Amino acid sequence: MTGAEFSEAHDGAGAGSGDGDVPHDGGADFGRSPRIPLPRASVEDGGQPLPEPAGLPPVPLELPHDVLKSLLGAWALAACSTAESLAVEVHLGDCGACADEARRLREAVGLLHQPESLDLDPGLRTRVLEACLDRRPARIPIPAWAAPYDAETARLDALLQDIGDAEWHTPVRLRWFDGEAAASRRTTVAGVIAHLLSVDGLVATALGLEDPLGEVRAQGPAARTEAFWQASHFPPTRAVRVPWREQSHRLVQTVSFTGGGAGRLGVAYGDFELPLHDSMLDRAFECWVHAEDIAEAVDYPYGPPAPRHLHRMIDLAARMLPAALAERRRAGLASPGQTPHLVPAGRPGRSLRLEIEGSGGGEWLIPLDSPGAVGSSEFEVAHVALDDVEFCRLAAGHVPPEEAAAGQLGDRAAIRDVLFAAASLSRM
Amino acid sequence: MAKKDVPPRWDRKMQQRLARGEAAALGELYDRFASLVHGLAHRVLGDERAADGITREVFAQVWEHPDAYDPRQGPLRSWLAALAHRLAVQRLRATETAALAPGDSGSPEAAEELEHKVRRASVAARADYIVHSMPAPLRAALDLAYFQRRDYRQTAVDLGVTEDEARRRLRLGLQLLSTAHDAGTPPGYGGGA
């Protein structure tokens, strides 16, 4: 598009169309935004009698050709002044090249759509990936224990891509149960993602990947999060999304290669350690719980994980309960139990039947007196029934153990201890 | 989005990982491009389930035949967009043809109408792609002037540029968008826009 040839065409044709009384010098003034007063306003201001309504033909601005041409986009979008629009329209009658372009640009405006809601059905990802893997099985599959993390990070990311800049600063209250009472910490949506990034970093460092905290040294989920938040002078923004997402993709990629053997690799959480595959389940659970925190804060619909993923998360919590019970007993927070003797490892002991209802549910026998004991229906002293999502809320510290909607039968002290132990699995 | 274009290295690496049969790579590919693919299919077909089907087909094709993509021919993003476009237009043509009454299918009017419909859907999808791929400053200007109904002077103020620059961006943005009508083969997913 060369301006010169269009200018020449215009100069020949344009001269005859101008009104004689408007100066037509094409001078530098016209390159700036022209300030020609509206005829009516000036007449009224002067207190002169108004002229006949029909007596005042609109006076088109006299603009140089390159200015008129540069206005074509704004004209097509109805984004210039009335006087400029008029000047462009008069010009289009004279200049074939500009008229062609104007027509094209007007048509282009018709192609602008309000972008449709980009919400993809969150279940579509699983369906598409499964269809792909049916056609060509993966040579390097994602381990079953990493699949919930893969799915939950993808779901959260879809939510994050859907919210606006401002919503990243929406306040969010992180809630957990500190062993005795409900605890909470105020942050923002971006702060929650910084938290996930920092704690996922525990797994990353265990796998030999880069630590998102860099040189900052801190142990355990809460300390790492606080350190990350404090390392920056500014509160986190949506800029935290990309490092979080890249790390989560890298984790899934890396654990796919390490295969089954690395499942025994330990991930240190400061005061305890989890095998890698349990740690990945734990991170999936945390990702879902915090995604719900965010979704609630920004008023976004968010459902529970796929049933088979939910089941694995519940199974992890059930497997962690005996150790949590023992921990609480050591701290004097749980009743000593009726048989204070240690059950030898691998032997059946007093048990509580945990019945989880719902599509992610199942049944677990929780040994009550020793983490080493084996749950046994023969020694069942109590039975607790909870909905799957309710149990997860309890284990996330979002429902106080006294208020958990649980069907209860049998030894009340044992039930109380188990519900409190479940809540104390939660942390910041 | 202000995001810079993904470097071709990412495209090559992705292709290698897909060829190796890495399920994690397939997930990443989906995470990056599903909304583009689904959005294009939806623009052509105007139907959620049909767009889901095209999305499934696009990713299945790439997963089954990762070598069909040649990184030297352009970005993976454009290639996926072109594939989604082609499959969606095929589907539209097939469903529209099937919907014609048996007697109608041969009539020139019906054929013409079908072609018209296919072409309109195709142009709309190409336009979406152009808008999403154009440089962010041009898109921001169009967004202000069209969706927020700002005139070009206000647009200039909002963007912190001169009025000349605002006019230039609006015009250039529309010029790019108008190429959606140029139904060249292959469709305008060359990555130039």
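Is B:Val123 buried or exposed? B:Val123 is buried, because 21 other C-beta atoms lie within 10 Å. A residue counts as buried if 20 or more other C-beta atoms, placed from the backbone, lie within 10 Å of its own, as exposed if 12 or fewer do, and as partly exposed in between.

## The model

This is a predicted model, in which local features need pLDDT of at least 70 and side-chain atom pairs count only at pLDDT 80 or more, while totals for chains, interfaces and linings use all residues. Residues are numbered from 1 along each chain as its sequence is written, and chains are lettered from A and ligands numbered from 1 in the order in which they are written.

## Around B:Val123

B:Val123 belongs to helix 5 (residues 108-133) of chain B. Helices (H or I, at least four residues) and strands (E, at least two) are DSSP runs, numbered from the N terminus. Leaving aside residues up to four places away in sequence, B:Val123 touches A:Leu111, B:Ala180 and B:His181. Such a contact requires C-beta atoms, placed from the backbone, within 7 Å. B:Gly160 is 37 residues from B:Val123 along the chain, and their C-alpha atoms are separated by 33 Å.

## Chain A as a whole

Chain A contains 15 helices and 8 strands. Of its 428 residues, 39% count as buried. Among contacts in chain A between residues at least 6 apart in sequence, 71% join residues at least 24 apart.

## Helix 5 of chain A

The buried residues in helix 5 (residues 82-92) of chain A are A:Glu84, A:Ala87, A:Val88 and A:His91. Seen down the helix axis, they fall within an arc of 100 degrees, so they line one face of the helix. The arc is that of the directions from the helix axis to the C-beta atoms. An α-helix has 3.6 residues a turn, so residues three or four places apart point the same way. The cover over the buried residues of helix 5 of chain A includes helix 3 (65-70), helix 4 (72-76) and helix 6 (96-109) of chain A.

## A hairpin in chain A

Strand 5 (residues 348-357) and strand 6 (residues 362-367) of chain A run antiparallel and are joined by 6 bridges. Two strands pair if DSSP finds at least two bridges between them. A:Ile356 has A:Gly362 in strand 6 as its bridge partner. The hairpin has 4 residues between the strands, and A:Gly358 takes a positive phi near 105 degrees.

## Where the chains meet

In chain A, 43 residues are in contact with 45 residues of chain B. Helix 7 of chain A gives the most to the side that touches chain B, with 9 residues.

Definitions and conventions. Contact = placed C-beta atoms within 7 Å.
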